[in-house]
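Dear colleague,

Please find the structure below, followed by a short account of what was found in it.

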Amino acid sequence: MDSSELYHVKQQFVLGAYKTVVDLTLPDPNSPDFIPTLIYKARSHIALNDPKAALQLVPADSENVALKAVTSLAKFVAAEGTSNSESALEELRDLSVEIEGDDVEGTDRDKATVRVLAGTAFARAGELEEALETLGADTEDLEAVAVIVQIYLSINRPDLAKKEYERSKRWAEDDLLLQLIESIIGLVTGKDEYHNPYTFYTEQLGNPSLSSPHVLTARGVTRILRNEFPEAQSDLEEALTQHTDAETLAAFAVASGLSSTKKGETDANELWTRLSSEYPRHPSVVDIAKKSTLFDEAMAKYTVPPLAASAA
Amino acid sequence: MSVMLTKFESKSNRVKGLAFHPTQPLLAAGLHNGSIQLWNYRMGVLVDRFEEHEGPVRAVHFHPSRALLVSGGDDYKIKVWDIRPQNRRCLFTLHGHLDYLRTTQFHHEMPWIISCSDDQTIRIWNSTSRNCIAVLTGHSHYVMSAFFHPKDDLVVSASMDQTVRVWDISGLRKGSPNTGPGNFETFDTFSTVKYVLEGHDRGVNYATFHPTLPLILSAADDRTIKIWRMSETKAWEVDSCRGHFNNVSAAIFHPKHELIVSCGEDKTVRVWDLAKRTAIQTFRREHDRFWDLAAHPNLNLFAAGHDSGLIVFKLERERPAFAVHQNTLYYIRDKYVRAYDFETASDIGLLSVRKFGSPYVPPRTLSFNPAENAVIVTISSDNGMYELTTLPKPSSAQGGELKDSSVDGKRGSGMSAIFVARNRFAVLNKTTQLIEVRDTANSVVKTIKPPVQTNEIFYGGTACLILSSTSTVVLYDIQQQKTLAEVNSPPVKYVMWNADSSLVALMSKHTITIANRNFSQHSLIHETIRIKSGAWDDAGVFIYSTLNHVKYCLYQGDHGVICTLDNPVYLTRVKGKTIHCLDRSARPRTITFDPTEYRFKLALLKNNYEEVLYIIKNSTLLGQSIIAYLQQKGFPEIALHFVQDTNTRFELAVECGNLDVAMETAESIDRPDCWERLAQQALKQGNHKIVEKAYQKTKNFDKLSFLYLATGSTDKLSKMQKIADARGNPMSRFHNALYAGDVMSRISVLRDVGMYPLAYLTAKSHGLEELAEEILEVAGLSPADVDDVPSFGQSNRKPPPVLNPTTDLVWPSLSNGESFFDRALASGSLENGVEPSYVNGDAAAGSLAALDDWAKDEEVHEEIDPEEGGWDLDAGAEFAASHEVQEEVEEEEELGAGATPGVSEIEHWVRNSPLAVDHVSAGSFDTAMQLLNRQLGVVNFEPLKPLFLSIYRSSHTFLSPVASLPPLQLHVRRNPSESSPSRVLPVAARSLQSIRSEFVDGARDVAGNRLVNAQATFRSVLRALLLVVLTSDDEAKQWRDMVTSAREYLLGVSIELERRRVAQEEPDNIERNLELAAYFTHCQLQPVHLQIALRSAITVFGKANNSAHAGRFAKRLLELKPDAKIAATARQRVAAAERNPRNAVEISYDEFTSFEICAASFTAIYKGSPSVQCPYTNATFQPQYKGLLDPLTELTEIGASASGLPAPW
């Protein structure tokens, strides 16, 4: 069982309060919590898309496999889209092989972290099969399960995701992360009118021990899915006052666009413009650009006859 | 209060803590021996037991929404338990208290737990972070109870220090930087003592808030219960309830009524009137002191824990008194007689019965007399009373006070009272055992001495009574004063007649007797669960409710479940698929159910095979029960049609002798025992081919050979011989040789196994001398050695010759009744006249047409499919990635199955909808365009691009729940209640409503003379209308109307713009100017806009001195009733035209022949002239424009063929 400080850090991290985790002061280096906390902190930097800060945080000469993995993931994220990313992936591959051996230093926890981080990187690189393999089919680490579940969902296999969740329910505590996993599945399948994610995020918003704009965003998205657009708008607007990120912005645009008001439409268009200029790499922006080309291609199949106009 | 009904009782160690589950029938009990019991009080079973506390458990409480239980014990620990049977265990333990725990409770919305302890503190814990977040200190002795306020941020606590305290914890909710455990100083800032209530002379055991009012109740060792009231600023004692003669353990408010329930060590549970503070009822126990009390939050249920167990009880009967007459339900709620109309659902109060009997007892029964419009109400207080009152007319009841029954009510004493005739009612006096028949003036006309000890009387048909005694029901004739019939039954509590009074249901606690009207036939149903109520449906099926089910029962006694219930209901009427009922608080409700199952059984029972067949074909009857039922009732061949499972199919097929199906299923099962059973059945039916196959499958060589012999199949026999050779089985070889009449091989078998004597004799007796010699030689003997063997003579044994070749013949089987179903089900359509009469032909034809439509839609989809496939590949990185995975799958078998990508939601959208807009939402622009093109002839998509993109982006959103992974794409549905992939549909980005408001904007522009804006707006309206979700015929009609009016406005605005252009650029072309002005007035605009058009025309024509035309326009204007000023000018115009009915300019405008306006050339197309249409808006064009782009919408090709919008709803 984790100490309560670490439990708390983990909880913040799981709920996406990366800012809070980043701002944490590290415990004493001799404390058993030091390395796990450091790892969460570094991972939060990476999650905030700031891999450089993560690299600065983690000592380069560390022997700990988990720390090495964090470094590699940070390098990978930093180099994504360039040719250097492959070398970072190779490092992670080596680490995943290394932890399988008996002679390696490091606790089970460190090994699990290595798998999660490697799996994350592989999934980011589109190597889903490799990611699944690294994470292991019978893992008893909930973080790994979360990654596996999301991968399954991303390839439209909610059935497998559900199976994975049911499996972990058998051994996992009534853990926050398990509830989160259940919610993610709920978001995709829409079971019981998105009841699970909705209550989960609402409950976490009421959690006095943390505040995470991510949770607000998530509830906003859930409300969009539940067709509660004005409520969603208010959630997302509040989230934006706390913290601006692409996801919230994109969701806000969707909610505004669906609100069936004139103002909503104009807002939506403004938000999209803002989103595409500030976050040109966000998937929704990329997706729309692709669809725009698709439209032009499809349109080209139709010949437009000349406009009928009065001969006079 | 004369009733306290015990519902459940258990014996155990002393019970110190109790809690009801808010939704399930579960009760948690903390025991003095350290165990926590979880009871299902409805079923009366112990569900679970949690035994981790050391020492007594005094505190238990359920989480309001999750499957959690919190408990506290004398081991100073608070434990939180997962109570789901599959996960039951202690989730975590909260440490911190330094002495016994007294109560624990979950907060109703926050993740908080409150606890109090003998360590003089109250603590609040966060169950998520598992930290103590507040310690409330101040009590100077044991804290005996502490509870959250049901709504506000308050806590009430009771302590041995003789005080009750109210604490304000609003500081806690504001959320605070969590400081972690250990910093006790900071806690005090969160919560403050708001009030200290002093008044008890001894320690206080229990204090609780009223669920809605600002009241507090406390119970103390000074033997009193005190009621306190609080305001924003202070709290004060209101009154005390005295009566307990020992320590009061607990006192709680009744959740719904103005009552207090308390219990104490004086071995009593007492009920008090909250308003009068007087004791109403006392319930005593012989030996057990009471320790704890709990109230169910929603139901009329209480639990009390005592020295040797616990009891669950309720305070009053909840069955509302009601009677049904035709379409009206007369019932009593809150002591008002009300009438509820089943069809209109109107529900009105008619009569107050508040002054009748004890105020705490609800009336028991109600009997309605339609002839007199009167009711008899009975009540059980005061040893039974009845009251006869006429109901006021519903109209007079409206407004003002309702009539009170005491005004003209006629009362008397008696346990049950019912109308028996138009002007007579019968009253049973239970103690004297006399039934009095009275007239409407309440005077006795007849007195009857019932033949049996009678507990209750019911209407028994004309001039008859049904008498219920302890062991029998008697049908009794009032006039003749004699018993007509008697049936044995447990005490009957309710009686229900069916619609035509041919059948009656007699209900007692656990049985229902269904009898015909003279009790000559009856059947009995036994239920283990308490029967609550029942009603007859139109088809003569009795529907009844138990504590937890609605069930049906057929007249011969078959019964089954229709649905389950969370809480009991009282059925009042069943009509079609709707059950009308009253719930426990006497509110009318309806339940919709599927009567198919019992209709099916009823049809079977009545041998109505047409209907059976109809039901089979038109509904989805499935499940083991129906199969077992059919099998049991001797209809295996029907059951066969429901079964998918091969094993069951086989069993059924064998049973009903359907060898084809049996064969087919046996092949897929392929187990020896199946083949053996098949062989037996086939043998019985003489189908030797199947027998042969079965024997072959089981390698049953002996039987197979004999079968071939029996069927005279010689060639196969010789094959068997070869097989036997190959198997090297001498016995088999010998058999086969014998059957085939093959002497040589018989001998060779005998020789091979060394039975030379037999071989020799066989050879010898078949005249094979040489062979016989040879055998002798091999055996080392000479003929001399066998001299003593007698000679047997020549054998001429041979298999009999085949007279009739039966090899290819199978014993003919008689086609019997089963073929009716086989034929009908196989042929796929019902022959005419087979449909049951209640389905008229039109409906069937309609459904056929609908099917055709469906088929059409299917076809459409098939055409689309290839495109979809092509599109998939382009669907983005997600897909590209998944394809890679697929390739790797082949190498990695272990994970292979797990990683194949599934069907994405957007593909489902495309599959599920024939609407272009849904395809746009799915991003399948290609198919969307195809649909628009095919349905509405759209060819120019350029202007639709922004719409396409905004609809698409509004239908998808992203979320990254897991750190650093690429975000998940989520798809927004318009039917979020639907999660089945085959029915999900994308969100509707634009609604008809929002487009209508845009249309109104455009119309406003017209009025404000901003014509260019208006033109753009109407174009955009028409574009948006292309991509709107329609869900009903009604919406489709609205859509069409809106398209048409948008078109007319657009046309009008375009004409007017053209006229202005002409006036500007070709000032001499007055003729054209006039024509256009005239046409504008023929666009179908709303009157207010049409006035503008007319006035403009009047001005233009006036200027051109075409006063006749101008006058006509003015007349039309006057018809629209414009305001006075305009009307006055118009009248002048009319007058001028009458003075001078001439036109200066000749124009092509004939207003007397109806015409359409060509939307391209703005010329008139008179009726009968050729024209072409826009496939979308139906705007009309001169024929020469066919094939060109519609200039109005700039979207469609004029004259293109189009199929119109599909109607997928």
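Chain B exposes about 53,700 Å², of which carbon and sulfur atoms supply 49% (Shrake-Rupley method, 1.4 Å probe; for residues, only the protein chains shown count as cover). This is a predicted model, in which local features need pLDDT of at least 70 and side-chain atom pairs count only at pLDDT 80 or more, while totals for chains, interfaces and linings use all residues. Residues are numbered from 1 along each chain as its sequence is written, chains are lettered from A and ligands numbered from 1 in the order in which they are written, and side-chain values use heavy atoms, with hydrogens and water left out.

Of the 1209 residues of chain B, 54% count as buried, that is, under 20% relative accessible area with a 1.4 Å probe, protein chains only. Chain B has 32 helices and 62 strands (DSSP runs numbered from the N terminus: helices are H or I, at least four residues; strands are E, at least two).

One of the helices, α22 (residues 905-912) of chain B, is mostly covered, with 6 of its 8 residues buried. The buried residues of α22(B) are Glu905(B), Ile906(B), Glu907(B), His908(B), Trp909(B) and Val910(B).

Helix α15 (residues 743-752) of chain B packs against helix α17 (residues 769-778) of chain B at an angle of about 5 degrees, their axes 12 Å apart (axes are lines fitted to C-alpha atoms over the stretch in contact; angles run from 0 to 180 degrees between N-to-C directions). α15(B) is therefore roughly parallel to α17(B) (angles under 35 degrees). Met744(B), Ile747(B) and Arg751(B) of α15(B) meet Leu771(B), Glu774(B), Ile775(B) and Val778(B) of α17(B) in this contact (heavy atoms within 4.5 Å).

With kind regards

Notes: Buried means under 20% relative accessible area, exposed over 50%, partly exposed in between (1.4 Å probe, protein chains only). Angles under 35 degrees count as roughly parallel, over 145 as roughly antiparallel, 65 to 115 as roughly perpendicular and the rest as oblique.
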